[in-house]
Amino acid sequence: MLKNNSSSIEMSQNNKNINWKNTLFVIFDKGSTTIGLALLFIIMSIITTDFLTVDNLVNVMRQSSVLCIMAVAMTFIIITGGIDLSAGSQLAVSGVAVSGLIVAGVPIPLAILLTIIIGGLIGLFMGTVISTQNIPPFIVTLAMLTILSGIAFVYTEGTPIVVSDAVFREIGRGFIGPIPTAIVIMIIVAIIGHLLLSHTRFGRYVYTIGDNEEAARLCGINVKLVKTSVYAFGGAIMAIAGIVLASRLSSGSPNAGTGSELDAIAAVVLGGTNLFGGEGKISGTLMGVAIISILNNGLNLLNVSSYNQLMIKGVVILLAVWLNSIKARRKASV
Amino acid sequence: MLKNNSSSIEMSQNNKNINWKNTLFVIFDKGSTTIGLALLFIIMSIITTDFLTVDNLVNVMRQSSVLCIMAVAMTFIIITGGIDLSAGSQLAVSGVAVSGLIVAGVPIPLAILLTIIIGGLIGLFMGTVISTQNIPPFIVTLAMLTILSGIAFVYTEGTPIVVSDAVFREIGRGFIGPIPTAIVIMIIVAIIGHLLLSHTRFGRYVYTIGDNEEAARLCGINVKLVKTSVYAFGGAIMAIAGIVLASRLSSGSPNAGTGSELDAIAAVVLGGTNLFGGEGKISGTLMGVAIISILNNGLNLLNVSSYNQLMIKGVVILLAVWLNSIKARRKASV
Amino acid sequence: MNSPIIELKHITKSFSGVKALTDVSLTVHPGSVHALVGENGAGKSTLMKILTGAYSKSSGEIFYKGEKVENMDPKTSKKLGIHCIYQELNVANYLTVAENVFLGSQPVNKLGLIDWKQMNQTAKEIFASLQINLDPKQMAKDISIAQKQMIEIARAISQDAKILIMDEPTSSLSERETEILLSLVTELKNKGVSILYISHRMDEIFKVCDTVTVLRDGKYIKSLPMSEVKDVDSLVELMVNRKMESYFNKIEVPIGETILDVQNLSKTGVLNNINFNLRSGEILGIAGLVGSGRTEIAQALFGMLKKDAGEILIDNKKVEIKGPSDAIKLGIGFVTENRKETGLVLKQTVRDNISLPNLRKYTTNLFINKKAEKKESEDYKKKLNIKTRSIEQTISTLSGGNQQKAIISRWMIQEPRILILDEPCRGVDVGAKAEIFAQISKLAEQGVGIIMISSEIAEIVGMSDRTIVMREGTLAGELEKDMITSDNILKLAFGGGISA
Amino acid sequence: NVEKSGSDKKEDGKLTIGVTTATLRHQFFIDIDNGMKKAAEEAGVELLVNDPNLDLAKQVSSIEDYMQKKVDALVVLAVDNAGVIPVIEEAKDKGIPIITADAVVESESVDTFIGTENYEAGKQLGEYLKNKVEADGKEVEVAVVTHEQSFVQKQRLEGLKEALKGFDKVKILNSQPGYDRQKSMATVENILQANPHVDYIYATAENSVLGALAALESANNKHTKIIGFDVTDEAAEGVREDYILAMIQQQPSKIGEESIKAALEAINGKKLDKNISVPVILIDKENVDEHFKK
Ligand SMILES: Nc1ncnc2c1ncn2[C@@H]1O[C@H](COP(=O)(O)OP(=O)(O)OP(=O)(O)O)[C@@H](O)[C@H]1O
Ligand SMILES: Nc1ncnc2c1ncn2[C@@H]1O[C@H](COP(=O)(O)OP(=O)(O)OP(=O)(O)O)[C@@H](O)[C@H]1O
Ligand SMILES: O[C@@H]1[C@H](O)[C@H](O)CO[C@H]1O
Ligand SMILES: [Mg+2]
Ligand SMILES: [Mg+2]
C-alpha cells in the first residue's frame with residue numbers, strides 16, 4: 001500500500017524514474033535480504049574470477065541442495081510458529097535408514113519410499129505431541145534431536161553404513177542432462193513447497209495458524225490437523241534431504257547432518273520469515289540458502305584462513321540483513 | 001487462582017486433606033516442570049545410592065553453576081521476546097579475556113572487572129543493533145556466535161591460555177565455608193536476577209515488552225533502552241559465567257562454552273518461560289537447570305552408555321514437560 | 001409461529017470453577033433479529049461462543065432445528081450455517097484483506113489452487129455492496145480497526161449464514177457504517193436469516209430487533225418481544241436491576257486557560273492544516289466518519305505519528321513531542337481505540353495492566369511497593385466497577401468492557417493534564433458508561449483538559465463542551481456548546497454546511 | 001551413605017576404572033573404546049565410560065562425577081589440553097591415578113600419556129610427501145582441510161609443515177574448515193573450483209579424509225590425491241583406487257588396551273613412564289592390503 005503511495009507520488013514528478021524505481025522495489029521486496037544477496041554476488045564476482053563460472057555456480061547449487069530441501073520444510077514449520085531442532089538428526093536417521101535398507105538388499109526405489117515414510121512418521125509423531133499435548137515445539141524437537149540421534153547411533157553402533165551401489169550414488173552425484181540430479185530434486189521440492197504454501201488452502205491455513213491461531217480455529221480450520229500435517233510433511237521432506245546427503249556421501253552416517261538444523265533455521269530467517277510465525281515465503285528461503293552457500297563457497301575460493309572465516313561469515317550475514325533493514329525503515333518513513 | 005478454588009471446594013469436605021493438597025499445589029505451580037523434577041529426583045535417589053548424598057548434591061550444584069548463571073541472563077532476554085545464540089561464544093571470549101589479562105599481569109579483581117565490562121559492551125552492541133536497527137535477535141546473535149568465536153580463536157591462535165594462579169582457581173573450585181564459591185556466585189546471580197525481574201520497574205518493563213511492545217511504548221516505556229539494557233546486562237552476566245568456567249578450567253579456551261547456549265535456552269524453556277516472550281520466572285529457570293544437571297549427573301552415576309544416554313535424556317525431558325502439560329490441561333478444564 | 005431454528009437449554013459454563021453462565025436458555029426463530037443485552041461480563045459473548053462451539057459448555061443442551069447437537073465445535077457450527085462476528089476481531093494480520101474475508105474457505109480452482117482472481121473480485125463486490133472502500137490486495141495489518149470490523153462483516157456475508165451472530169459489530173463504527181450495517185441486518189432478516197445481535201447501543205436494539213433477551217450476572221432474566229419493551233430506560237433497568245438516573249453525568253465546571261494549542265497540523269494524505277485548542281476543565285469532542293483522521297490527530301499529539309508541518313503548544317510554549325514518553329512527560333494521557341493491540345498486556349494481571357504507566361509512583365528505593373500498587377488498583381476496580389474475581393486475575397479472562405475499564409483506570413491514575421480518549425466506551429455497557437463519564441467529568445472538574453473522540457454522536461452531544469468535526473483529514477467545522485447537535489455534526493461530517 | 005558405598009566396593013573387591021573419552025561419534029574413538037573394553041574384560045575390572053562429545057565442561061563434570069563414585073583410576077582422553085588440568089589435579093589429590101590417552105595434558109598430576117605422537121606422525125607424512133615430490137620433480141600445491149579448533153589436528157598440520165620447511169617445491173595453502181564429512185566434501189569441491197589442478201589435499205582426520213574422498217570421487221578427479229590421518233575401510237578402498245596417496249594409521253585399539261594396562265599398573269603402585277608412545281603405520285598402496293581386508 002505504502003509502496004503504491006510512494007510510487008504514485010513519484011509519478012507526478014518524473015515519469016521515467018518510476019519504472020526503474022518500481023522494478024527495483026519489486027526485486028528488493030521479495031525476500032528480506034535481496035540487497036545483501038545481490039551485493040554478495042557482485043562482490044564475489046569481482047574479487048575472484050573463480051566465482052562467476054557456470055561450473056562453480058552449478059557446484060554451489062549442488063552443495064546447497066541438502067540445506068535447501070531442509071529449509072523448505074523448515075519454512076512451513078516456522079510459519080506455523082513452530083520450530084524443528086531435530087532436523088539434523090532426522091537427516092542422520094533417514095541417511096542411516098536408506099543405507100541400511102539398501103545394504104540389506106531392499107531395491108533402491110522401495111528403500112527410498114520406505115525412508116520417506118519413516119521420516120513422515122517421525123514428523124507425524126512430533127506434530128501430534130506438539131498439537132495435542134500443548135508442549136512447545138522447541139522442547140519436543142529438542143528432545144527428539146537427542147532421541148533420533150541416539151537411535152541412529154545405536155542402529156549403526158557408530159559406524160557409517162557404506163553404500164557402494166552406483167545407482168544410489170547418482171541421486172547426489174549424478175546428472176540429468178547437464179543438470180545435477182540433486183539440483184533437480186531441490187528445484188522440485190522448492191516448487192512443490194511454493195505451490196503448497198502460497199496457492200493452496202492448506203498453505204493459507206499454515207499462515208493463518210501462525211498469525212492468529214484463535215482466528216484460525218474460529219473459522220473452522222482444524223488447527224491440530226494442519227499443524228500435525230505440517231510436521232509430517234516436514235519429516236518426509238527432511239527424509240528426502242537425508243537421502244540426497246547419504247547419496248552424496250555414499251554412506252549413511254549417524255553423524256551426518258548434525259547441527260545443520262541451525263543453518264536451515266538461519267536460512268529461513270535470513271529469507272525474511274518471521275520466527276514467531278505467520279509471515280514468510282519459499283522464495284525468501286531460497287535467498288537465505290543462497291547467501292549461506294555463496295558465503296561458504298566464496299570464502300573457500302578466496303582461501304581465507306579458517307579462523308578468519310568465522311568472523312567474516314558473521315559480519316557478512318549481519319551486513320546483509322542490516323542493508324535490508326535500512327531499506328525497510330526508509331520505506332516505513334516514506 | 002485455581003489453587004484457591006479447588007482447595008476451597010475441598011475445605012468443606014475434609015479439613016485434613018486440604019493443607020497437604022494445598023502445599024503440593026504450591027510446589028507444583030512454581031515452574032512448568034516441577035512434577036518432572038520431583039519425580040526425576042526421587043527416581044535417581046532410589047536407583048543409585050551415589051545420588052542422594054550431600055557430597056554429590058553439592059557436586060551437581062557446582063557443576064550447574066555456569067549453566068545456571070547463563071540461564072538467568074537468558075531468561076531476561078527470552079522474556080523480551082529475544083534470544084541469544086551467541087551465549088556460548090561469549091563464554092569463550094570472556095574466559096579467554098580474563099585469562100589473557102591475568103597472564104599479562106593485570107591484578108585478578110581488575111581483570112574480572114574488565115572482563116565483565118567487555119561482556120557488557122558486547123551485549124550493549126548486540127542490544128543496540130537489535131533494538132535500533134530492527135534486525136531479528138536470532139540473526140544478530142547467530143552472526144555474533146561466529147564472530148565472537150572467531151575473535152576468541154584468533155586472539156589465542158587456538159591454544160588455551162593457562163592460568164596457574166591459585167587465587168583465580170578459587171572462584172570455580174574453592175569454597176566459602178562449606179559451600180563452593182561457584183555455588184555462592186550462582187545463588188547471588190539468581191537472587192539479583194529474581195529481584196530485578198519481579199520486584200523492579202525494569203523487570204516489569206521486560207515482561208511488558210515481550211508481551212505487547214506497542215502497548216509498552218504507549219505507556220511511555222523507552223522500549224529501545226530497556227531492550228538494549230537487557231542485552232548489556234545479559235552480556236555482563238554471561239561474562240561472569242565465562243569467568244567461573246575459566247576458573248573451573250584454570251584456563252581460557254576458545255572452545256569452552258561452545259554449544260552451551262542451547263542448554264541454557266532449553267533450561268529456560270523447560271522452566272516454563274514462553275519462547276515468544278512475556279512470560280517466565282527465574283525460579284522456573286532454576287528448575288530447568290536442575291533437571292538438565294541432575295539428568296547428566298544421574299546418567300553418569302548410572303554409567304549409562306553414551307548412545308543410550310542420548311535417547312534417555314530426550315525421553316526424560318519429553319516426559320517431564322508432558323507431565324506438567326497434563327496438569328495444566330486438567331487445571332484449565334476444572 | 002414457525003418452529004425455532006436454535007434452542008439453547010439450561011446452559012452452564014464455568015471457568016476454573018467460577019460460573020460465567022448459570023442455567024441459561026434461549027430460543028431463536030428463523031428470520032428474526034434477536035437481541036442479547038446485559039452488562040459487561042453478563043455472559044453474552046460466552047453464551048454465543050458456546051453456540052458456535054468456540055467454548056465447550058459445562059452442561060446444558062444445544063438444539064438445531066429440533067435436533068440435539070452433541071459436540072459443537074467451530075467446524076460443526078460452520079457446517080450448520082452458524083456464523084459469528086466475534087467481539088474481539090479475528091483477523092490474520094499478514095494475510096491480505098481478501099483472504100481475511102474468505103478465511104478458512106478461500107475459493108480454489110479445478111487444480112485445487114487458490115483462485116486469487118475470483119477471490120479478489122468477489123471481495124471487491126462485497127465491499128461495494130457495503131459501500132466501503134478497501135483494497136482487497138492490501139495486507140490486513142495496514143488497515144484501521146474499523147476497517148477490520150468491516151472485514152468481519154464482509155466475511156459473514158460471504159458465508160451465506162443461516163444464523164448470524166453479531167457480537168458488538170458497531171462498537172468501532174461510526175454513524176454512516178452503522179447505518180449501512182443496520183440496513184444490512186434488515187435485508188438479511190427479510191431473506192430468512194436469523195440474527196443474534198449484541199450491542200450496548202440501545203438505539204440500535206430498538207431500530208432492528210424483534211425480540212430481546214436480558215442476561216444479568218450469567219443468569220437468564222427475561223425474553224420478550226421488542227414491542228413489549230416500553231423504552232430504553234425500562235430495558236436498562238432490566239439489565240442493571242436498578243433505575244438509572246442519568247447516562248451522561250456531565251458536571252458543568254468553569255473552563256480555564258488554554259492549555260493546548262494545535263496550529264496548522266499537517267501530515268501528507270492524512271491530516272490537512274488542523275487548528276484547534278483545548279482549555280483546562282474543558283471536554284473537547286472530536287467527531288467524524290471512520291477514516292476522517294480523528295485518530296491521527298490523537299496520534300500526532302501523543303508522538304506516534306510524525307507530523308509534516310504544524311506546531312503544538314502547551315501552556316503557550318512550543319513543544320517537540322517525539323514519542324509517547326515525551327507526551328507523557330508533558331502530562332498527556334492516551335486511551336487508544338484498539339485495546340487489544342495497543343493497550344492490553346494480555347499475559348499479565350489486571351493489576352499489572354492498571355499500574356503499568358504509573359510504576360514510578362510506587363517505586364520506593366529500588367523496588368516496587370506492591371502494597372501501594374495493589375491498593376490503588378483495588379480502588380479503581382471499585383470506582384469503575386471492574387468485574388473480576390481478583391485484580392490478580394489475568395486480564396485476558398475479563399470481558400471486553402471490563403478490560404476497557406482497566407485501561408481507562410491506567411490513565412486516570414496518571415493524573416494527566418490532558419487526557420485523550422479514543423472511543424473510550426467501546427464495548428462498555430450503559431451502566432458502566434455512566435460511571436466512566438462521571439469519572440471523566442470529575443477529571444474535568446479538577447482542571448484536566450479532555451479530548452474525546454467518539455463515533456457515538458450521543459456521547460459527543462452529551463459530554464462535550466465544544467466539538468470539532470473532521471472530514472477527510474480536514475477540520476470541517478467547530479461547534480460551540482449550544483450548537484452541538486446530532487444534525488449539525490452529521491452535516492459537517494458528510495460535507496454539508498450548517499445553518500447557525 | 002558415602003562411606004557405605006565405598007565399603008561395598010571393597011567387599012566385592014572389583015576395581016573400577018573411569019574413562020572420559022573425547023567423543024564416541026568417531027570410528028577412531030570407538031576403536032579405542034573397544035580396545036579398552038577388551039583389556040578391562042581380560043583383567044576383570046569394571047569399566048565406566050563417559051562421552052562428553054567434545055564438550056569441555058561436560059568432560060570436567062564427568063570427572064567430578066567419577067570422584068563421587070570413587071573410581072580407582074581415571075583414563076582421560078582430553079577434549080582440551082588445558083581445561084581438564086584443575087579437575088585432574090583435584091582427582092590426583094584424592095589419590096586417583098591419572099592416565100591420559102590420545103591428547104597430551106601437561107601436568108605433574110598425570111601419571112602417563114599413551115597415544116600417538118601426532119606432531120611426529122605429521123612429520124612422517126610430510127617426509128613421505130617430500131620424497132614423492134622430489135621423485136616426481138614437479139612443483140606441487142597442497143590444500144588443507146582441517147578442524148583448527150582441534151589441538152591434535154593442529155599438531156598434525158604443524159608436523160607436516162615442519163618436514164616441508166625450506167622445501168620450495170611444495171606450496172601449502174591456507175587451512176580450510178572441515179570437520180564432518182558433509183562440510184569437508186563441500187570445502188574440497190570449492191577448493192577444486194578455485195584450483196582445479198591442486199595436487200594434494202591434506203585432510204587431518206577421519207571424516208575430513210572421507211569428505212575429501214567423496215568430493216574427488218564425485219568429480220571423478222584422479223589428478224588430485226589425498227594425504228591424511230586415520231584409515232577406515234572406506235579410506236582403504238580410496239587408497240586402492242588411487243584417490244589417496246598415503247595415510248597415517250594410528251592404532252586406536254592398541255591405545256585403548258595400553259591405557260587400561262597402565263591404569264592397572266598405576267593402581268598397583270607401579271611407577272609409569274611419562275610417555276608410552278604407540279607407533280603409527282604409514283599406509284599407502286603398497287601395504288594397504290596387509291592391514292585392511294578387501
Ligand atoms: N477464558 C475465560 N477465562 C475465565 N473467565 C472468563 C473467560 N472468558 C470469560 N470469562 C468470564 O466470564 C464472564 C462473562 O464474560 P463475557 O465475555 O461472556 O461477558 P459479556 O457479557 O460478553 O461482556 P461484555 O459486554 O463486556 O463483552 C466474565 O466474568 C468473564 O470474566
Ligand atoms: N498504517 C497506516 N498506514 C498508512 N495509512 C494509514 C494507516 N492507518 C490508517 N491509515 C489511513 O489514515 C486515514 C485515517 O485513518 P483512521 O481510519 O484510523 O482514521 P479515524 O478518523 O481515526 O477513523 P476511526 O477512528 O473511526 O477508525 C485513512 O485514510 C487510512 O487509510
Ligand atoms: O584426536 C582425534 C583422533 O586422533 C582422531 O584422528 C580423530 O580426530 C582427532 O580429533
Ligand atoms: Mg462480550
Ligand atoms: Mg479512530
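This is a predicted model: local features need pLDDT of at least 70, side-chain atom pairs count only at pLDDT 80 or more; totals for chains, interfaces and linings use all residues.
Local features need pLDDT of at least 70, side-chain atom pairs count only at pLDDT 80 or more, and totals for chains, interfaces and linings use all residues. Residues are numbered from 1 along each chain as its sequence is written, and side-chain values use heavy atoms, leaving out hydrogens and water.

Five pairs of chains are in contact (heavy atoms within 4.5 Å), and chains A and B share the most contacts. Here 41 residues of chain B touch 40 residues of chain A. About 3600 Å² gets buried between the two, 83% of it on carbon and sulfur atoms; that is the accessible area (1.4 Å probe) lost on putting the parts together, summed over both. Phe138(B), Tyr307(B) and Leu318(B) supply 17% of what chain B buries against chain A, more than any other three residues. As for salt bridges (a side-chain nitrogen of Lys or Arg within 4 Å of a carboxyl oxygen of Asp or Glu), the count across this interface is zero. Chains C and D make no contact, and their closest C-alpha atoms lie 36 Å apart.

Over in chain C, Ser45(C) (OG) and Gln87(C) (OE1) coordinate the magnesium ion (ligand 4) at 1.9 to 2.1 Å; donors are N, O and S atoms within 2.8 Å of the metal (3.2 Å for Na, K and Ca), and with water not among the atoms, sites may look incomplete. The magnesium ion (ligand 5) is held by Thr295(C) (OG1) and Glu337(C) (OE), at 1.8 to 2.5 Å, and both residues are buried.

Note on methods. Chains are lettered from A and ligands numbered from 1 in the order in which they are written. Buried means under 20% relative accessible area, exposed over 50%, partly exposed in between (1.4 Å probe, protein chains only).
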